[in-house]
Amino acid sequence: MKSLIPYGLLSVVAIALDQGIKVLVEADLPWQQPVDLLPFLALFRTYNTGIAFSMLSSLGDTGLIVIAAAVAAFVVWLAARTEPGQIAARIGFALIVGGALGNLIDRAVYGHVIDYVLFHTPVWSFAVFNLADAFITVGAALVILEEFLGWRSQPRPSDD
């Protein structure tokens, strides 16, 4: 259990960063007015009442909170089953948990998730997201990478 403490701390740092940025966004970023940073990147404060891409918003706050808490608990369970050498997976699971809990806090406190990052072109835009979403995505990629590398390194049966 001791070996998981650094990953728990990483989750706490992810939550703190996510929540700190959201406080700044709420205080200083205008509502649904793009603030261009680069030709393809803007800050754009909006709210998500569902999960990814506003899916399942019809479940309401309580339903989404229950789903998010169950997913976070399942990810913690998966993380606890990893081997100490699976560092990328453990970092990935910590980022997923931190991101999921960051968005869960939003939903419990505000009734929605605060989003503020917008990738776009003049004719297309990606869904608005936040740092917690980025943590979840990077974490999932690390878990998949660890699984792929572990699978590739396993000895293959010989054709003899």
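Me: Which helices each supply at least two residues of the lining of the second largest pocket?

Reply: They are α1 (5-28), α2 (60-80) and α3 (87-110). A helix here is a DSSP run of H or I with at least four residues, numbered from the N terminus. This is a predicted model, where local features need pLDDT of at least 70 and side-chain atom pairs 80 or more, while totals for chains, interfaces and linings use all residues. Residues are numbered from 1 along each chain, and side-chain values use heavy atoms, without hydrogens or water.

Me: What makes a residue part of that lining?

Reply: A lining residue has an atom within 4 Å of a pocket point; a pocket is an open set of 1 Å grid points where a 1.4 Å probe fits, with protein on both sides within 12 Å along at least five of seven lines. The second largest pocket has 14 such residues, and Leu-4, Tyr-7, Gly-8, Val-76 and Ala-79 lie nearest its centre. The lining divides into eleven nonpolar, two polar and one charged.

Me: Why is the pair Asp-18 and Lys-22 called a salt bridge?

Reply: The term needs a side-chain nitrogen of Lys or Arg within 4 Å of a carboxyl oxygen of Asp or Glu. Their closest N and O atoms are 2.9 Å apart, so the pair qualifies. Both residues lie in helix α1, four residues apart, about one turn of the helix. The whole structure has three salt bridges.

How values were computed: Ala, Val, Leu, Ile, Met, Phe, Trp, Tyr, Cys and Pro count as nonpolar, Asp, Glu, Lys and Arg as charged, and the others, Gly among them, as polar.
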